[in-house]
Amino acid sequence: MIRRLIVLCLGVLCFISAEVGWGKESGTTLRGSVVDADNGKLIPSRVYIQGEDGQWYFPQSVSDKGKAIYYKKQNWANEKSVEMHTSLSAHPWTVDLPSGRYTITVERGTEWFSNSQEVEMKDQPVEITIQLKRWINMADLGWYSGDTHTHRTMDELPTVQLAEDLNVSFPLHYWVTKAYTPPGTGDKTTGANLSPKEILIDDTHVMYPLNTEYEIFTVDGKNHSLGAVFILNHKSVFTEGAPPVGPIAARARKEGALLELDKHNWPWSMMLVPVMDVDLYELANNHIWRTEFAFSEFGEAPPDYMNIEMDEKGFTEAGWIDYGFQNYYTLLNCGFRLRPTAGTASGVHPVPLGFGRVYTYMNRL
């Protein structure tokens, strides 16, 4: 009986070793730090680690005070449209890697040069320090960056905003996709007990938590896409469903909120501009990514006179951007005073927070 148990245990151990990788090619630990090239100080950053076989790896902070936020997204329509990174606080990090060659790419928003290094892992630990060089400091010039379309959580944002050096974010915690449904009971709503006041991350980075997205995909339980509009910087949870949109706009004005047009070619987009007196237009919208463009077919097709670049799939990325610009200037020529903005929908799409961002000048005198 004991002999049978020993044989059984050995069999189980063999199975476990195959599952967890015991006996596979050896590997070891990579330890890294990201520093400011000008002063050598540790800085927050976004880190990509990819093996020569295409596999992605995600480091963790070595400090009890450190944070590591993993982001793993792939677009449903394009297997090449992937975003696999870790947002890290200003602390050293570590990751265990099998033997082989790896590419480590580190970025920090749009005001720092990207830096990539190749590392070969064998049977000894490896330690690297990656320097990031700032090419411009917009905040020092009075220009502050913002992402007006994010679906990142309150827990993630402090780490992620600093890793991207993004000054302002407006997380859309109230989100409804069904017609006539109040955002407070929306099918994608994550908001609860949110106060209508800004949350300081540090002296130059802030988030405002009370924002709403009406993105209507169904009407009376049937598929019927209308489109999306955002209410930013409001003071209470909206109880109005959409449509109609007039009462929503009136309440937004009463609470000092801003109305933002999500994308420009939803079926109801052009109606929203005059009816709601929309303030903001996402000139850089959430279909513009660091990775491969995926939305070749989306919304209403452009009119022929625009001569938008297309290919056999539909929109090219350049064509999609051009379509947005032409539509924006058409609205301006019609007398609508829309201010340009930018949003990523990071949290939903394969794109870093603030990859598309808008800058606003603030006179600090």
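Between which two strands does the loop holding Glu-309 run? That loop sits between strand E19 (280-284) and strand E20 (310-311); strands here are DSSP runs (E) of at least two residues and helices are runs (H or I) of at least four, both numbered from the N terminus. What you're looking at is a predicted model, where local features need pLDDT of at least 70, side-chain atom pairs count only at pLDDT 80 or more, and totals for chains, interfaces and linings use all residues. Residues are numbered from 1 along each chain as its sequence is written, and side-chain values use heavy atoms, with hydrogens and water left out.

**Overall picture**
- The protein has five helices and 23 strands, and its C-alpha trace spans about 80 × 60 × 50 Å along the principal axes.
- Of its 365 residues, 50% count as buried, meaning under 20% relative accessible area, with exposed being over 50% and partly exposed in between (1.4 Å probe, protein chains only).

**Salt bridges**
- There are 15 salt bridges in the structure, each one a side-chain nitrogen of Lys or Arg within 4 Å of a carboxyl oxygen of Asp or Glu.
- Arg-134 and Asp-165 pair up at 3.0 Å, N to O. Arg-134 is in the loop between E10 (126-132) and E11 (143-150) and Asp-165 in the loop between H2 (157-164) and E12 (168-171), so the bridge ties together parts 31 residues apart in sequence.
- Arg-251 and Glu-255 form another, with their closest N and O atoms 3.2 Å apart; Arg-251 is buried at 18% relative accessibility, and Glu-255 is buried at 14%.
- Asp-279 bridges to Arg-339, the closest N and O atoms being 3.9 Å apart. This pair links distant parts of the chain, 60 residues apart: Asp-279 is in the loop between H4 and E19, Arg-339 in strand E22 (residues 339-342).
- Asp-279 counts as buried at 9%, while Arg-339 is partly exposed at 32%.

**Buried spots**
- Thr-212, in strand E16 (residues 212-219), is buried with a relative accessible area of 0%.
- Its side chain makes a polar contact with the side chain of His-234 at 2.9 Å (N or O atoms within 3.5 Å, one able to donate a hydrogen and the other to accept it; residues adjacent in sequence count only if both atoms are side-chain atoms).
- Trp-266 is in the loop between E18 (258-261) and helix H4 (269-276), and is buried at 7%.
- The C-alpha atoms of Trp-266 and Glu-300 are separated by 6.3 Å, though the two are 34 residues apart along the chain.
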